[in-house]
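Keep the viewer open beside you as you read.

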Amino acid sequence: MESGAVFAGLHPTPISQPHLLGPARSAIKLLSPPSLPLQVQKQSRFASFVNQNNSIGKSLRVASPTSNVALEQADIDWDNLGFGFMPTDYMYTMKCSQEETFSKGELQRFGNIELSPSSGILNYGQGLFEGLKAYRKHDGNILLFRPEENAMRLRVGAERMCMPAPTVEQFVEAVKATVLANERWIPPPGKGSLYIRPLLMGSGAVLGLAPAPEYTFLIYVSPVGNYFKEGLAPINLIVETEMHRATPGGTGGVKTIGNYAAVLRAQCAAKAKGFSDVLYLDSIHKKYLEEVSSCNVFVVKDNVILTPAIKGTILPGITRKSIIDVALSLGFKAEERLVTVDDLLDADEVFCTGTAVVISPVGSITYLGKRVTYGGDGVGRVSQLLYTTLTSLQMGLTEDKMGWTVQLK
């Protein structure tokens, strides 16, 4: 690949071990919506796409394989794939200055990036991230799950953090390009997924407390298996009563990077005691459920599924949103409201949701030294039904009546 591949205006960075990129595909029109005229320049095994629509002030330069060379799958033990970072072939970057708009994004070889020691991200935590997945179907097609939702959430977070953000269209097209460029890293059907991590950060240098003068949008990917080592098996949570994940008026409702570093101390302490993770309460009354460290939480009682209402301290999870719709379609009653610790302890089932875990059933909750168990030692009926329904849709095993998946190939 190294001898024949040339990006438009970009030369691959040499790496110690060569990586082969994926095969051709006929549906290259998927890399840009029909409304945007594209100039296609075939170069060896790649096509360079340049958005010529100047009226909206954007350009997108990506590369996609266009030859009929057979795909060389990455050399990975797919049966033992965990949830950890694994370097892949390409990442996507796009930059802009404060008060400007993003343009001229491009793929480049995956590798370290250069940041000023005085960058806004390093000094003041001015950054956001997203997470979504790509799945490989049995027929070879590739599916994304609701990428436009991630794009819109990033834009909401960027406004809160005083950052410019890519448009929804730019975000989705950049995700598509990055996934296709790293196609050989997508696990076989049923073996996992390709985790996609978009980042938006203040990359410009700033000394005094102020928005950074420059911003970088970056996407990298990594093949992953289950987030929790238990897989779809019950996890054990402890309710945290002293430390809090978020406060009213803060940034708990957006996916800013600081929200996650703040939970590490309580999470590490919980894991040292044998728990899987921590469930946080509200910081005012200390009796209403909020989130697990990186997941939303649901409580099941009879035919009713409860989840804490979004009120500024809870992240509006895309899996959370999807589970609510799936539950309603299956005949359950779903309520978004204040959920108390008493509701939790009296529940028939409890489960967590998130992009990484999809659904993770809770086997036990420990609160003030009292341990309550759910569903014996197995996965609850409701958790199993919702998990199967949603993952079957995400992986293309059932018809997508919701219109949530985006097919890339």
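Ser 118 touches Asn 123, Gly 204, Ala 205, Val 206 and Leu 207, not counting residues up to four places away in sequence; contact here means heavy atoms within 4.5 Å. You will find Ser 118 in the loop between β5 (103–109) and α1 (120–124). Helices (H or I, at least four residues) and strands (E, at least two) are DSSP runs, numbered from the N terminus. Ser 118 counts as buried because its relative accessibility is 17%, where buried means under 20% relative accessible area, exposed over 50% and partly exposed in between (1.4 Å probe, protein chains only).

A word on the ground rules: this is a predicted model, in which local features need pLDDT of at least 70, side-chain atom pairs count only at pLDDT 80 or more, and totals for chains, interfaces and linings use all residues. Residues are numbered from 1 along each chain as its sequence is written, and side-chain values use heavy atoms, with hydrogens and water left out.

**Overall picture**

The protein has eight helices and 20 strands. Of its 409 residues, 53% count as buried. Among contacts between residues at least 6 apart in sequence, 71% join residues at least 24 apart. The average pLDDT (the predictor's confidence in each residue, from 0 to 100) is 85, and 82% of the residues score at least 70. Over residues 1–70 the pLDDT is below 50, and this stretch has 162 contacts in the model beyond near neighbours in sequence.

**Nonpolar cores**

A nonpolar core is a set of buried Ala, Val, Leu, Ile, Met, Phe, Trp, Tyr and Cys residues joined through side-chain atoms within 4.5 Å. The largest one holds 40 residues, of which Phe 171, Val 175, Val 179, Ile 196, Leu 200 and Phe 217 touch the most other members. The elements that give two or more residues to this core are β4 (90–97), β7, β8 (142–145), α2 (147–160), α3 (168–181), β9 and β10 (214–224). The largest share, eight residues, comes from α3.

Which residues does Val 175 contact, leaving aside its neighbours within four places in sequence? Val 175 meets Leu 132, Leu 144, Ile 196 and Ile 219. A second, separate core has 23 residues, including Leu 279, Val 357, Ile 365 and Tyr 367.

**Pockets and cavities**

Rolling a probe the size of a water molecule over the atoms shows where empty space is left. On a 1 Å grid over the protein atoms alone, a cavity is a set of points where a 1.4 Å probe fits but cannot get out, while a pocket is an open set with protein on both sides within 12 Å along at least five of seven lines; lining residues have an atom within 4 Å of a point. Grid points are joined across faces, edges and corners, and a volume is the space filled by probe spheres set on the points. For the lining classes, Ala, Val, Leu, Ile, Met, Phe, Trp, Tyr, Cys and Pro count as nonpolar, Asp, Glu, Lys and Arg as charged, and the others, Gly among them, as polar.

| Space | Volume | Lining by class |
|---|---|---|
| Largest pocket | about 550 Å³ | 14 nonpolar, 10 polar, six charged residues |
| Second largest pocket | about 440 Å³ | 13 nonpolar, 10 polar, three charged residues |
| Largest cavity | about 100 Å³ | four nonpolar, five polar, one charged residue |

The largest pocket has a volume of about 550 Å³. Of the 30 residues that line it, Phe 129, Tyr 227, Lys 255, Tyr 260 and Ser 294 are the closest to its centre. Helix α5 gives the largest share of that lining, three residues.

Turning to the second largest pocket, its volume is about 440 Å³. Lys 133, Gly 192, Gly 225, Asn 226 and Tyr 387 are the closest to its centre, out of 26 lining residues. Strand β18 gives the most to this lining, with three residues.

There are four cavities of 30 Å³ or more. The residues lining the largest cavity include Gly 131, Leu 132, Lys 133, Tyr 135 and Phe 145. Strand β7 supplies the largest share of this lining, three residues.

**One more strand residue**

Thr 373 sits in strand β19 (residues 370–373). Is Thr 373 buried or partly exposed? Thr 373 is partly exposed, with a relative accessible area of 46%. Leaving aside its neighbours within four places in sequence, Thr 373 is in contact with Gly 363 and Ser 364. The C-alpha atoms of Thr 373 and Pro 234 are separated by 9.9 Å, although these residues are 139 residues apart along the chain.
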